[in-house]
Amino acid sequence: MSTTGATADPLAALGSLPGVAESVESVRKAVDRVYGHRVMRRRSNEITSEAALRGARGSAALSGADWALEEVRRRSDFGADAEAMVVGAALRLTAEAGQLLSIWRQSPLRVLARLHLVAAATQGDDVGRPRQAGEPVDEPLLELPLPDAREVSGRLEGLADLIIAGSSAPALVTAAVVHGELLALRPFTSHNGLVARTAERIVLIGSGLDPKAVCPAEVGHAELGRAAYLAALDGYVSGTPEGMAAWIAHCGRAVELGVRESTAVCEALQRGAA
């Protein structure tokens, strides 16, 4: 996303794209409905915990580890093979996200570095910092052209400046841009998809749209499927108004499906079945 232009608030300008206002309103209404559920008033901590688990499962699925929810719930060893490590990274990131909310608005790049460190869970020289010139990127499910390290650095700084400056843009718009930009850039040598979806989560929670973290967009992204996810991302990368609007709408639909998932959990708890 270009951060230059005539408007001082490019994120807010995206809110005026055709169809975006409708997506924002639809998401707001969906979130309001789940927050108004009677179970949320009494057992919100349980809904939050379940949403975190399901969100991590969804994010891992998009990174190639499509495990059944009960398998994620049951397992304790996440270092046995490549898929297990992806699931473990997704779970760690979801747990870490809540600890970084207060830092995000002041130092988003520091948060992103921390997320990569948590996801990688290693001490390599390439961990916890943006990739340097010539370093390869292990992100096999994303086949977009890879920006060079200089472009990555400039665009990350631009994104950070937007976050720190603040915006009147709806939370959905900001979350979608953060998510899309990180996927487009793949700023780290690995785990970029997991980090991008966790950053989207942080924006949605920290903005006040989903303060209890019960609307896991990762669930929706996984449910919509990898093909639709990548097609919408192509729209973001194109930079066209239509493509940007389609990506934001896709992210909005993902949030709504996350709401539906947590609403079903609320209903199950109400029936005493969970």
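Ala-121 counts as exposed, with a relative accessibility of 51%. In this predicted model, Ala-121 sits in the loop that joins helix H7 (108–120) to helix H8 (149–165). Its backbone is worth a look too: Ala-121 is not a glycine, yet its phi is positive, at about 55°.

- Most residues other than glycine have a negative phi.
- Ala-213 is another residue to look at here, as its phi is near 55°, a positive value in a residue other than glycine.
- You will find Ala-213 in the loop between helix H10 (192–206) and helix H11 (217–224).
- Is Ala-213 buried or exposed? Ala-213 counts as buried because its relative accessibility is 12%, and the cut-off for buried is under 20%.
- Ala-121, at 51% relative accessibility, counts as exposed because the cut-off for exposed is over 50%.

**Cysteines**

- How many disulfides does the model hold? The count comes to zero.
- A disulfide needs two cysteine sulfur atoms within 2.5 Å, and the closest cysteine sulfur to that of Cys-215 belongs to Cys-266, 9.7 Å away, so this pair is too far apart for a bond.
- For Cys-251, the closest cysteine sulfur is the one in Cys-215; the distance is 14 Å, which is also too far for a bond.
- Cys-215 counts as buried, with 4% relative accessibility.
- Cys-251 counts as buried as well, at 0% relative accessibility.

**Fold and overall shape**

- The protein chain has 13 helices and zero strands, so its pattern along the sequence reads α-α-α-α-α-α-α-α-α-α-α-α-α.
- Taken along the principal axes, the C-alpha atoms fill a box of roughly 55 × 45 × 35 Å.
- Among contacts in the protein chain with a separation of 6 or more, 73% link residues 24 or more positions apart.

**Surface and charge**

- Of the 274 residues in the protein chain, 52% are buried.
- The accessible surface of the protein chain is about 12100 Å², and carbon and sulfur atoms contribute 52% of that area.

Terms used:
Residues are numbered from 1 along each chain as its sequence is written. This is a predicted model: local features need pLDDT of at least 70, side-chain atom pairs count only at pLDDT 80 or more; totals for chains, interfaces and linings use all residues. Side-chain values use heavy atoms; hydrogens and water are left out. Buried means under 20% relative accessible area, exposed over 50%, partly exposed in between (1.4 Å probe, protein chains only). Helices (H or I, at least four residues) and strands (E, at least two) are DSSP runs, numbered from the N terminus. Contact means heavy atoms within 4.5 Å. Accessible areas come from the Shrake-Rupley method with a 1.4 Å probe; for residues, only the protein chains shown count as cover.
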